[in-house]
Every structure is written in structure tokens, then in C-alpha cells.
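Below is a brief report on a predicted model.

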Amino acid sequence: MTPMEWAIVALALVGAFFGGVAAIGIVRLPDVYTRAHAASKSDTLGAVLTIGAAALAIQTDLSTIKAVFLLVFMFLTNPTAAHAIARAAQDQGIEPWTAGDEEGES
Amino acid sequence: MPVADSVTVRNTVAYAVEQAESAAREGQQQVSLHLVAVASTRSVDPDAQSELGQAKDLLDRIEVWLDEDLGAERPSNLDVETGVIGADRYLFSPGNYADVILAYAEEHGIERVILDPEFNPGGTTPMLRPLEVELVRGDIEVETAPVERPARSTALARAATLPKYLTVFGASYLFYLLLSSYKPLDFFTGAITATIVTALLAPIAFSRQPSLTRIPKQLARMAIYVPYLLKEIAVANLQIAYVVLHPSLPIDPEMVDLEAAVWGDAAVTTLANSITLTPGTLTVSVSEQAFDIHSLTGSAREDLFGGGLERAVRFVFYGREAAAIPSPRERGQGEDSDTESEVGEPEVADDD
């Protein structure tokens, strides 16, 4: 394999790892706000790395540029979506989970 | 006129009063203006108290506006009534609202309904259009008040100037060419597309006059900011991965307020999005400069009030001098969470 191929594989794997972290986070974290954390950040990084891998793999000018635009829009829209979810939760009056709750319940 | 809290309710009330007043001055007959708040819940429901309270507040405000608009010389044949209707049943659809409004109109011999263009009692779903359609069933005149949206219209549509047109045209033309295959035809179609885009979007494109000196500077500083942000994102993502995968899930979430020292829509948006992207912190809501931020761990709060991101955003938008403004901690914010986050292990949050 060429160095380029190694780079592509590494990016894709790390991207998949963070995608996995996001999924695990959504399952493990206790409430809507903390889950929004996992869904917005790890997911953004995972998607961005994977798209980066794709951009390297495609190698034609046009598609690479398009992939880069995808990256940019990912960075703009993902946090905005997380913000919208969190604000909707706040508007609904959902109280954030705190470390104290767990000890009360378990 | 049915009323509900909205950005245009003030102007719509003014319009309705003006219409009623001129009608009263023209003719001799009695003119009456009814301003009604439509309650969606039944008065026996648990939510009804707060809804009725809000409706009452609104009607009180409207009374004050009426005094302002009508002044001392109120025509003797004009009478104004306010009230809450529809409190005897649930209202879900625009049809329900129309039923209540039409029933009320019939009962009181009302000939004309004036709608607030932002009338939206049901929440976020737009309901003006369907409500208008439903109201046409009745035997009365329906009209949407010709009022501007005060805040938003001034914020959105501004007179477009030549530099604005040129900037929008240049940006859209470049974007088009970047994605094209550089054939002669592409240059031609790109010009046409960019012209259309410019004509449509230039009036709403910038909040300030674009300047040839400011924008390239900001772009250059943005180019410095992006790698910094990427580094922050990468480091913080590793922390989150650690927290999420750690068997005991060492989190200590807390809501914090941040009074950020940034100004302007673009800068605030950039900061809000950057805060959300840097793991451990999530912008929940922003108004002006006050950020509500949900933080996942104590160390995330440390970083937030350390002000690295805020300083970087200031650097991007206002230059080097502005970056020297003290960090939120130096301005005396986030002190409560400091004491907590210095404890290594997650502690029981005792704030509520």
C-alpha cells in the first residue's frame, strides 16, 4: 500500500471510531442535553474524518472540492442542529441531569 | 381581531384601531372594535392558568396601546372591547380557531376580521394561511393587516448597494466556476446564475457594508482560527471519547451562563458554534451576548471560562487589540463552577 492509502485507511478508521463513540455516547449518557453532546461533536468529527478519507480516495479535482464543501457545511450545520435540539429541550422545561440525580436513583 | 403575542401584534392593533377610528369618524353608526385572545386550552386544564395569565397580560398591554393610539379625542360612536374567547374547549387545528372566531363574530355582529400577519397562537407551526382559508367559510370579510415585521424586516432586507452586489456576484460566480468543468459555456451560464443569485440575495446578504479591507483581513484571521479550532476539537473529542467509554461514565453536567464579550451576529454565531463543537460544552440558547451553555464535565467548564475560544473569535472579527480583553474568569464569571471543577472526581452538584 502507498502512504496515501495508509492515510485514507487511517482517516476512515479514526472517523469510524468517533462515529462509534457518538453512538455509544447516545446510549450511555443520561439525558437529552448530554446526548446532544455526543451526537453533535463526536459525530461531526467522525463524519468529517470519513469525508476527508473519501476526498483523498476520490482524487479527482471536482469531487474533492465538493467533499471539502461538505466538510465545511458539516461544521456549520451540525452544531446548529445540536443547538436547536438543546434549545427545544430547554423550552420544554426539561431540567438537565446532574451528578446528584444518579445517586438519588440508584 | 384575534390577538396573540407576536412581533407584529403592536402594529396590527394600531392598524385595527386606525381602521375603526376612521370608520367611526366617517359614519354616524356605532363602530365597535373587539380584540380577543383565543385560548387553546379549556379553563379547567392545568395549563389554562398560565395561558390565561399570559392572555390577560397581553390584553392589559393592549389596553395601554389603545389609550396611546386613540388619545384623548376618542370618537363617541367607537367602543372597544377586549376579552378571552375559546376557553370552553380545546383548540387544535386552524379550523378550531376559525370556528371560535366565527362564532364570536356572529354573536356580536362583526363584519370584518383583521388578522395579525404573525398570528400564531398554536406555537411554531405557521397557521395564518390555513386560518385565513378557514375563515372565508364565514360570512365576514377577512383581512391581514398590512404591517411590516418591525424587528426582522429591518434586520433582513436593507437597501443593497453596489459593493454588496459586486461582492455577492463575485462570490457566487467563483463558487459556480469552482464546481464547473471550466468550459466556455460554464463561464456563460455561471454569469447568468450569479446574476440571478445577486438580484435575489444581495439585499439580505450582509448586515454591514462589505469592505475590501475588512473582509480579506477577517478571512485571513479566519484561516488562522480554523486550525486552532480543529486542534481544540480534536483534543476535546479525545476527552469525550475517554469519558463516554470509561466504565463509570465520569460526567458532571451543569448549566452555566456566559456573558460573552463578542458583538455582532456573525461573531456571536461563530462563538456559539465553536462552543458547541468543542466537546464538553453545548450552547443551549443565546440572546444578545448571554449564552446558556450546558457543560458535560468540570474541565470543559474550566476551558470555557478560560476564554480561549472567545478570545480567538474576537481576534478573527475585530483584530489583535480586541483579543486582549480579559477572559470570562478574569471578568469574574463562572466562579461557582470553578470550586466544583477543582475537585477531580465528579462531585454531587448541590446547586439545586
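## Chain A

In chain A, 67% of the contacts with a separation of 6 or more join residues 24 or more positions apart. A contact means heavy atoms within 4.5 Å. Chain A has four helices and zero strands. Its elements run α-α-α-α from the N terminus on. Helices (H or I, at least four residues) and strands (E, at least two) are DSSP runs, numbered from the N terminus.

Of the 106 residues in chain A, 37% are buried. Buried means under 20% relative accessible area, exposed over 50%, and partly exposed in between (1.4 Å probe, protein chains only). The accessible surface of chain A is about 5600 Å², and carbon and sulfur atoms account for 68% of that area. Areas come from the Shrake-Rupley method with a 1.4 Å probe; for residues, only the protein chains shown count as cover.

## Basis of the model

This is a predicted model: local features need pLDDT of at least 70, side-chain atom pairs count only at pLDDT 80 or more, and totals for chains, interfaces and linings use all residues. Residues are numbered from 1 along each chain as its sequence is written, chains are lettered from A and ligands numbered from 1 in the order in which they are written, and side-chain values use heavy atoms, with hydrogens and water left out.

## T44(A)

T44(A) sits in helix 2 (residues 32–58) of chain A. Its relative accessible area is 1%, so T44(A) is buried. Leaving out residues up to four places away in sequence, T44(A) touches M74(A), F75(A), N78(A) and L277(B).

The side chains of T44(A) and N78(A) make a polar contact of 3.0 Å. A polar contact is a pair of N or O atoms within 3.5 Å; within protein, one must be able to donate a hydrogen and the other to accept it, and residues adjacent in sequence count only if both atoms are side-chain atoms.

## Chain B

Chain B holds twelve helices and eight strands. Buried residues are 43% of its 352 residues. Among contacts between residues at least 6 apart in sequence, 70% join residues at least 24 apart. Chain B exposes about 18800 Å², with 58% supplied by carbon and sulfur atoms.

A261(B) lies in the loop between strand 6 (254–259) and helix 9 (265–277) of chain B. A261(B) counts as buried because its relative accessibility is 12%. Its C-alpha atom is 9.2 Å from that of A290(B), 29 residues apart along the chain.

## A parallel sheet in chain B

Three strands of chain B form an open sheet in the order 1-2-3, with parallel pairing. Strand 1 (2–3) and strand 3 (78–85) of chain B are at the edges with a single partner strand each, so one side of each has no neighbour in the sheet. Two strands pair if DSSP finds at least two bridges between them. Eight bridges join strand 2 (residues 31–38) of chain B to strand 3 of chain B. A37(B) has V84(B) in strand 3 of chain B as its bridge partner.

Helix 3 (residues 94–107) of chain B packs on the sheet and touches strand 1, strand 2 and strand 3 of chain B. Its direction makes about 150 degrees with that of strand 2 of chain B. Axes are lines fitted to C-alpha atoms, for helices over the stretch in contact, and angles run from 0 to 180 degrees between N-to-C directions.

## Confidence

Over residues 150–155 of chain B, pLDDT stays under 50.

Key: pLDDT = per-residue confidence, 0-100.
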